[in-house]
Amino acid sequence: MSIYFDNAATSSPKPDCVVEAVRDALTRTNANPGRSGHAAALAAARVVLKARESLAALINAPDAMGVIHCFNCTDALNLAIKGSLRAGDHVVATELEHNSVLRVLAELARRGRIEWTLVPPSPDGFVDPAGMRAAMTPKTSLLICTHASNVTGAIQPVAAVGRIARETGVRYLIDGAQALGALPVDVQALGCDLYAFPGHKSLLGPQGTGGLAIRPGTALNTLREGGTGSASDSMLQPSELPERYESGTVNLPGIAGLAAGCDYVAGRLSRIMMHERELTDLLYRELSRISGVALYTPAEESARTGIVCFNVGDLSSAQVADALARRDIAVRGGLHCAPGAHRFLGTLRRGAVRASVGHANTFEEAETLVRAVRELADGKRA
Ligand SMILES: Cc1ncc(COP(=O)(O)O)c(C=O)c1O
């Protein structure tokens with residue numbers, strides 16, 4: 001039976017309630033939400049609203065209408081970044097960011113619209129908030145920090161960066177791709193204006209879902225305009241949330257599944273966290289005992305998510321991931337769309353192997369992975 005340790009890419013398996021909710025949306029409530037007034041369309045609209053409310057409750061967002069349904073975390077980050085920046089602005093972000101942040105900034109810079117500074121992590125793999133503050137200029141209008149590195153799993157000091165944002169009045173975006181559903185998230189306590197998240201990772205929803213939580217009063221330019229089912233006599237995009245940022249027919253089956261995943265996680269977050277932490281601890285502890293394995297994940301348990309990142313001897317990460325795949329164990333090798341993190345780790349050339357645990361993994365599976373890595377380190381390549 002195959003073993004799945006690639007939950008940081010997308011979670012698997014999805015709980016039965018998610019599968020059921022998707023089926024229900026494609027059958028019982030299969031209509032266009034927010035458009036027509038018949039029973040199925042109203043039921044579909046309730047599904048979309050319910051998802052927004054569940055997500056808002058999970059992250060303590062003050063207003064559910066400020067939780068915008070997006071296609072994935074990348075889509076949410078594009079809206080947050082491009083919607084915030086004006087010509088001449090300066091952005092401070094961290095070198096640990098994912099390409100879903102870096103490439104957006106790089107493209108805006110290439111067009112000559114913005115300038116940006118990337119702050120490197122300290123040698124321990126965590127960004128120093130004081131370093132972010134020092135990188136700010138009078139033109140800085142946006143701070144961006146990943147909640148947790150998707151390469152090492154290191155949980156970043158996002159609340160401390162939030163305090164800087166609040167003190168200086170500079171807008172603050174957190175990339176919650178590796179955190180929401182895996183850690184408690186309170187967007188008000190974090191002091192952020194924008195929190196971007198995927199629906200398909202630790203929230204256990206389907207691919208093609210994600211969201212952006214917008215603090216009330218945070219204005220964004222739209223990336224897309226079009227039909228919203230509201231104020232149809234106006235040629236201009238409505239100013240009300242969420243319609244302003246949700247043009248076109250939404251992904252009803254995906255959003256229905258996301259609502260179910262969100263409720264599933266919210267109802268057992270501490271249990272899931274404890275289980276994932278025990279699995280991660282086992283992997284970290286046992287892999288660290290294998291001679292020739294280099295670990296890149298923080299040793300401190302409370303400072304990491306469910307990611308264990310490593311290399312084996314002089315093998316490339318692709319060789320290790322392929323050898324594990326031949327044993328029916330799914331992990332990810334290569335560069336994890338975060339070149340700055342690999343530069344920091346010195347793994348730009350050979351990448352790193354990422355094993356990421358999920359709610360459904362067992363201790364036996366973790367032990368099987370450890371055994372397989374030990375065999376590879378001992379030179380028994382499949
Ligand atoms: C830190 C981080 N940001 C952004 C993303 C992009 O997420 P999505 O694939 O939902 O667009 C990922 C995906 O792995 C990620 O790990």
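1. A polar side-chain atom of Gln178 lies 2.7 Å from an oxygen atom of the ligand, within the limit for a polar contact (a pair of N or O atoms within 3.5 Å; within protein, one must be able to donate a hydrogen and the other to accept it, and residues adjacent in sequence count only if both atoms are side-chain atoms). For His200, an N or O atom of the side chain is likewise 2.7 Å from an oxygen atom of the ligand. Thr74 places a polar side-chain atom 2.5 Å from a ligand oxygen atom.

2. The model is predicted: local features need pLDDT of at least 70 and side-chain atom pairs count only at pLDDT 80 or more, while totals for chains, interfaces and linings use all residues. Residues are numbered from 1 along each chain as its sequence is written, and side-chain values use heavy atoms, with hydrogens and water left out.

3. Around the ligand there are 14 residues, of which Thr74, Asp175, Gln178, His200 and Lys201 come nearest; a residue is counted if one of its heavy atoms lies within 4 Å of the molecule.

4. The protein chain is divided into domain 1 (16–266) and domain 2 (268–377), with bounds from an automatic or database domain assignment. Their C-alpha centres lie 27 Å apart. Contact (heavy atoms within 4.5 Å) involves 28 residues of domain 1 and 24 residues of domain 2.

5. The two domains bury about 2200 Å² between them, 64% of it on carbon and sulfur atoms; this is the accessible area (1.4 Å probe) that two parts lose on being put together, summed over both. On the domain 1 side, Val151, Thr152 and Tyr264 lose the most area to domain 2, together 29% of what that side buries.

6. The structure as a whole holds 14 salt bridges. One of them joins the side chains of Arg52 and Glu246 (2.7 Å, N to O). Arg52 lies in helix α2 (residues 39–59) and Glu246 in the loop between β8 (210–214) and α8, so this pair ties together parts 194 residues apart in sequence. Helices (H or I, at least four residues) and strands (E, at least two) are DSSP runs, numbered from the N terminus.

Key
A salt bridge is a side-chain nitrogen of Lys or Arg within 4 Å of a carboxyl oxygen of Asp or Glu.
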